[in-house]
Amino acid sequence: MIPESFIQDLLARIAVEDVVGRYVQLRKGGANLLGLCPFHKEKTPSFTVSPSKQFYHCFGCGAHGNAISFLIEHTGASFPEAVHTLAAEVGLTVPQRSQTPAQREASQRRKTQQTHFEALLQKAHDFYRQQLRQHPPAIEYLKQRGLSGQVAARFQLGWSGNGRQALAQVMSDYGDPALVEAGLVVEAQDGRRYDRFRERITFPIFSHRGQLIGFGGRLIRAGEPKYLNSPDTPLFSKGDELYGLWQARQGLRQEGCVLVVEGYMDVVALAQHGMNNAVATLGTATTQEHLRKLMRASDRIIFCFDADNAGRQAAWRALTTSLPMLRDDVALRFLFLPQGHDPDSYCQDEGIDAFREQLQSAQALSAYMLEELARRHPLEEAEGRAACVHEAAPLLVALPDTVIKTQLLQEFATLVRLTPEELNARLASVAQPVRPGPTSVHTGGQHQESPPPQKMSPHRGRVPTARQARGVTPMAKRLLRLLLAYPEVVESVGDQQLEILMVSPHLELVRDLIILANTCGARHTGALLEALDPESDLAPVLTALATELLTQEELPDPYAEWKDALTRIELNAIKAEQSALIQAGLRDETSKQRYQQLTRQLAQLDPANRRVSS
Ligand SMILES: [Zn+2]
């Protein structure tokens, strides 16, 4: 583990604008620097870097963080790698991690295992590709499907071979348990082993960074299952990956949108027709992780499903999964091909131009959602409309606060013949679900290398959600904002002020932040966020506030502001106690004395009150 103090030391010495500036062209925009976001596609810059706060935020996609998290997100480095890189630049040596021998051993073992898995997959991959060249029926099948050698090479298709243990030809030890764990070999109950992929065209699956992580396989003769994927392994999680995303990098830019189709054969076939922007989920419904990756890849996402029941269901699942993640700057559309068609057959029968026309006419998410709801319920009768509201309410409540939400609510209200107010009242009674964050961006605080992840996948851990700063009073917010922007003001907090904070019920978060700022010694926003525990109550509140900070002017005198805010709190506390005494009637001498004492305190604190009291 890298000590927190070292991280703080490092963050105090490096400049986030320099680190970001190496990858993103930044120009001055007021106190901040602006550039085109490297995490989502945009034409006007909404990526903002604050040199004073040592923090960046994209107002388009919500990516945010400090110099370390930028390197992690942008280059795919691990946390320790990013720290080492930055430390080397400023001539610091990362202190030896004080891991226990057991931890060190476990981490070493994981690394070795990962390297081993990667080597096994690569070996299998090379073998499959070589097999394809030697197996005319497989080549014939691909030709029949209309695939050129060029496209087959582009997707690095292969042939698994026919034998039960074909891989034994290239694996030095077919009994190696890692072959099973990497998903290449299956072990039967009786202990006998055989290749997972047999008699199949192999489709290597790459992570979005181009690392080989698994395979898909398709039978070329009749049989079940027609398609087979690698199981989830330490390298591969099908709920996280999109087939073809790596190969689509260029195509996405050319076409200006990403097309989500049902299977990898669709992806490959579309490439054959000249469309290189298609990706496919791997036999799972669309997940939020898929959507995150898609939203990063393009600001126009078109889901293309078959018009059969399974396709309709998959589309609805994709819609409900995406609702909590909707953004005004990302357009989601749905396309249903005519009954009986998949993208490949459609392109073959009608041509790619007709397919492009279909894409142009894809339904907007809102239109599809309302149409589908209307299809499910008889809206001409009151009961049907009621049932429709019942089904839609949790979906509508899950929508983040966006313009598209406002629009959808208006249209839905009309559909079910409610006024917007009636609909809102209805929705208010539905519990607010926890929303996923806009992007999976590292917010810091997790320096442990250990959380023995079930996965040592290339993706980083999921990050806490940017919940709204709910239930935070304006005063607490003001203090939090000040502390976050100028962590150094904690040094001026006196005992008396601390005492006031301790007794104020609404200032718990402020106390937490003071303690955090004191213990970590952060000197700017980016560093303070790094020290933050992403699981804490503070995390979502501060993340939201940090974004607001970027658009605010620097304060001429943060210390004076801080003192003023604390004074106000003290004043309010005194006034509250005075009101309580008056309410009680000031009956005895003690309460009268106390009242006078408070009046004197008031006068000391606030000159405006002096005149009143004298
Ligand atoms: Zn962005």
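Reader: What makes S1 and S2 a hairpin, and which residue in the turn has a positive phi?

Author: In this predicted model, two residues lie between S1 and S2, and the two strands form a hairpin. Gly-30, in the turn, has a positive phi of about 70 degrees. Strand S1 covers residues 27-29 and strand S2 covers residues 32-35; three bridges link them in the antiparallel sense. Pairing requires at least two bridges found by DSSP, so the three bridges of S1 and S2 meet the criterion. Within this pair, Lys-28 stands opposite Leu-33 in S2.

Reader: What makes S2 and strand S3 a pair?

Author: S2 is joined to strand S3 (residues 47-50) by three bridges, and the two run antiparallel. Since at least two bridges are needed, S2 and S3 count as paired. Gly-35 stands opposite Phe-47 in S3.

Reader: Why is Tyr-23 called partly exposed?

Author: Tyr-23 has 13 C-beta neighbours inside 10 Å.

Reader: Which residues are in contact with Tyr-23, leaving aside its neighbours within four places in sequence?

Author: They are Pro-38 and His-74. Contact is judged on C-beta atoms, which must lie within 7 Å. The C-alpha atoms of Tyr-23 and His-74 are separated by 8.5 Å, although the two residues are 51 apart along the chain.

Reader: Why is strand S9 called mostly covered?

Author: Of the seven residues in strand S9 (residues 200-206), six are buried. Each of those six therefore has 20 or more other C-beta atoms within 10 Å of its own.

Reader: How many bridges join S9 to strand S10?

Author: Seven bridges join S9 to strand S10 (residues 212-219), and the two run antiparallel. Phe-206 stands opposite Leu-212 in S10. S9 and S10 form a hairpin with five residues between them, and Gly-210 in the turn has a positive phi of about 90 degrees. S9 is also joined to strand S6 (residues 158-159), in the antiparallel sense, by two bridges. As the threshold is at least two bridges, S6 and S9 still count as a pair. The bridge partner of Trp-159 in S9 is Ile-201.

Reader: Which residues of helix H13 are buried?

Author: In helix H13 (residues 343-350), they are Pro-343, Asp-344, Tyr-346 and Cys-347. Seen down the axis of H13, these buried residues fall within an arc of 165 degrees, so they line one face of the helix. They pack against S13, helix H10 (264-272), S15 and helix H14 (352-360). Gly-351 follows H13, and its phi is positive, near 95 degrees.

Reader: How many residues of domain 1 are in contact with domain 3?

Author: Five residues of domain 1 are in contact with five residues of domain 3. On the domain 1 side there are two nonpolar, two polar and one charged residues. The centres of the two domains, taken over C-alpha atoms, are separated by 32 Å. The domain assignment places domain 1 at 4-89 and domain 3 at 242-361, among five domains that also include domain 2 (104-229).

Reader: What percentage of the residues of the protein count as buried?

Author: Of the 614 residues, 38% count as buried. The protein has 26 helices and 17 strands. Its C-alpha atoms fill a box of roughly 105 × 70 × 55 Å along the principal axes. Among contacts with a separation of 6 or more, 68% come from residues 24 or more positions apart.

Conventions:
Residues numbered from 1 in each chain as written. Predicted model: local features only at pLDDT ≥ 70, side-chain atom pairs only at ≥ 80, totals over all residues. Domains from an automatic or database assignment. Contact = placed C-beta atoms within 7 Å. Nonpolar A, V, L, I, M, F, W, Y, C, P; charged D, E, K, R; others polar. Helix = DSSP H or I, 4+ residues; strand = E, 2+ residues; numbered from the N terminus. Buried ≥ 20, exposed ≤ 12 C-beta atoms within 10 Å, placed from the backbone. Arc of directions from axis to C-beta.
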